Every structure is written in C-alpha cells, then in structure tokens.
Amino acid sequence: MAIQWYPGHMHKAKKAIAERLKSVDMVIEVLDARMPASGENPLLGQLSAGKPKLKILNKQDLADPERTRIWLDDFNSRPDTRAIALDASDRQAAQKLIAASRALVPNRGGIDKPLRVLICGIPNVGKSTLINGMLGKKSAKTGNEPGITKAEQRLFLADDFWLYDTPGMLWPKIIVEEAGYNLAAGGAVGRNALDEEIVALELLDYLRRHYLPLLQERYQADKNESSHWRDDQWLEWIGRKRGALLPGGRINCQKAAENTLTDFRDGHIGRITLETPQQWAQWLKTAQQKEAILKAEREAKKAERKGKAV
Ligand code: G4P
C-alpha cells in the first residue's frame, strides 16, 4: 500500500529537525507500543546518531505485555538508547519521563546548563497527552486529525528543562510494506490517505495468524470453524455480527472495516502488538531486497534510454 504522506510539510519538518538537533542534548521519540518499529523514524535515527535517545513505548495498556518486554530489551540493547513503556492512565507517566531524561544526560541541569530535549512522534501516538501531563495541563491539544502539523514550540517544564515539540515528521517513503499497514491500523495515517478495507484485511490477516483466540472471543466465532477462516471471511463475519449490511443483505465491507479498525484502536479486541523484533528484521530485509531490485531496474532503463539517445 503506497501511503502518501504530506510531502510539503515533510521537507520543512526535516529541515527544522536537522536544525533543531544541533542544539539539543537528547531526543525523546514517542512510539506506539503496538508497533514500535513501524513508528520509528529512520530519518531521525540517522540525524541523531550519537545523541542520547529515550524511546517511549506509549499506549502500553493496549499492547501485548510480553511483546512490550521484548521490545524494551531490544531498544535498551542499542547504543545511546534507553526505552521505557508508558500509558496515559499512569499518573506517574510524566514524572517517569522527566526522570528518565535527566538520568540519560546527567551532566545537564541547573539554570546555566538546562537540559534541552527534542520530542518527536508519529501523529496520534499520544505525544500531546504526555506533554500535557508533563506541563500539568488537562488539555492543550491543537488538532487530532493525523497530518495536521503545528509550528515548533519550546516548552519550559522547569527552569532547567526545555522541551522542543516538533511538528509531526514522517518518511517520504515507507519501504516496509507492513509498516504502512500497521501505522494505518493504529491511526497514524489520515483517513484520506488509506483504503480502510485493505488496512482492515491486513490487520485481520495478522490477527488470525497471531492472536486468533482474541479474535474469536471478541467476535464470538465458533472456535473450530473460524480457525481456518481467511481475512475476508473474518471481515464478512464481523460485518454480519455488527449488522453492517447493504440492501439485499450483502456485507458493507467499508463499514465492517471501520468497525474492525475502531475495535483495534480502542483495544476492544485485546492487548495486541503487530510486530516483534524478529518479524521486523525479516520485513526490513525483504523490503531492502525489493528496493535494490527496483533501483537496479530503474538504472538499467535509464542506461537503455541513454544508449538509444546516442
Ligand atoms: P498526538 O499528540 O501524538 O497526536 O496524540 P494525542 O496525545 O492527541 O493522543 C491521541 C489519542 O491517543 C487520544 O485519544 C489520547 O487520549 C490517546 N492516548 C494517548 N496516550 C494513550 C495511552 O497511553 N493509552 C491509550 N489507551 N490511549 C492513549 P482520542 O480518542 O484522540 O482523544 P481523547 O479520547 O483523549 O479525547
């Protein structure tokens, strides 16, 4: 699925982040614990090499706890990186975030050496909620439709703790196909940019393979019969269960897809994580191989055109 991000904003955001990185001491990247690798920004990884990084696996309340543990170990084994899992219902979330940041850069602090922190994250990941928690505010949200960006803000959490909140930054191209689907399933992609039916089918395909009992339980499907269902059969079942029908009794697949995605986003199917470090490594490898083939084909065509021109 080709996801078209907001290219105009992208270029500006990239420049702004590169510029900002020069004057910060560390980077907080807020990730969705249900899809930590998909939500990681490779560009940020490149631009912030050598800087201390705090990865927040947010919305842990919606994620598979066992997989969250595995992801934390994975991130914590990387250089210059510390990872913690949080969720909005944790009253201590903001304090944990602040304490982890201070611990990561212990040589900064005090009025003449404020800790300067850049905070980034994909849309809808819970960044505003975390920031509001740190500021002690109930709500200072400026827009909840993914893709709506805002200008960078500098927030003073304390005299010696400055937080730079950047506009949402995504990738010009997501090469890992699964990442596109996962981000879409999680709600990081504006509705106009995706086909909800395809996203729901991909989600159901993953769930039937990795979380079948949760799916069966949520949608009250017969355990034996449904254990062999394909993704489209699941979508049809969900449509029937939810009364998403068109005149003549056909399934309204769009409505069934919306229902499925809402259930997943709200955690109604259960605590689910759509990727493991192992799966991610495999997806990335496949995507890089595909990219290399495409590049070689493009170059061969270019050479052919050049050859014809002379
Ligand atoms: P953003 O700035 O990164 O775009 O995200 P924001 O904080 O606006 O959060 C997006 C949605 O995710 C909000 O729900 C918010 O309540 C929810 N959220 C944030 N953190 C967590 C968490 O740790 N766990 C869970 N379960 N949800 C979280 P919303 O439906 O858009 O708004 P509302 O319900 O808060 O009104």
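Asp90 counts as buried because its relative accessibility is 18%; buried means under 20% relative accessible area, with a 1.4 Å probe and protein chains only. The model is predicted: local features need pLDDT of at least 70, side-chain atom pairs count only at pLDDT 80 or more, and totals for chains, interfaces and linings use all residues. Residues are numbered from 1 along each chain as its sequence is written, and side-chain values use heavy atoms, without hydrogens and water.

**Asp90 and its loop**
- Asp90 sits in the loop between β3 (81-85) and α4 (93-104). Helices (H or I, at least four residues) and strands (E, at least two) are DSSP runs, numbered from the N terminus.
- Its side chain reaches the backbone nitrogen of Gln92 at 2.8 Å.

**Around the ligand**
- The ligand has 15 residues around it, and Ala88, Asn124, Lys127, Ser128 and Thr129 come nearest. Here a residue is near if one of its heavy atoms lies within 4 Å.
- By class, this shell holds 5 nonpolar, 5 polar and 5 charged residues.
- Helix α5 (residues 127-135) gives the largest share of the shell, 3 residues.
- An N or O atom in the side chain of Thr129 is 2.5 Å from an oxygen atom of the ligand.
- A backbone N or O atom of Lys127 lies 2.8 Å from an oxygen atom of the ligand.
- An N or O atom in the side chain of Asn58 is 3.4 Å from a nitrogen atom of the ligand.
- On its own the ligand has 710 Å² of accessible area, and the protein covers 64% of that. Such areas come from the Shrake-Rupley method with a 1.4 Å probe.

**Nonpolar cores**
- The largest nonpolar core has 72 residues. A core is a set of buried Ala, Val, Leu, Ile, Met, Phe, Trp, Tyr and Cys residues joined through side-chain atoms within 4.5 Å.
- Ile28, Leu54, Ile56, Met134, Leu163 and Leu274 have the most contacts inside this core.
- Helix α7 (residues 196-210) supplies the largest share of this core, 7 residues.
- Another core lies apart from it, with 9 residues, including Ile17, Leu21, Cys120 and Trp162.
- Leu274 touches residues including Arg34, Asn182, Leu203, Phe264 and Trp283, not counting residues up to four places away in sequence. Contact means heavy atoms within 4.5 Å.

**Helix α6**
- In helix α6 (residues 177-186), 8 of the 10 residues are buried, so the helix is largely enclosed by the rest of the structure.
- Among the buried residues are Gly180, Tyr181 and Leu183.
- The buried residues of α6 pack against α7, α11 (253-265) and α12 (277-309).
- Gly187 follows α6 and has a positive phi, near 95 degrees.

How values were computed. Polar contact = N/O pair within 3.5 Å; in protein donor to acceptor, adjacent residues only side chain to side chain. Nonpolar A, V, L, I, M, F, W, Y, C, P; charged D, E, K, R; others polar. Buried < 20%, exposed > 50% of the residue type's maximum accessible area, 1.4 Å probe, protein only.
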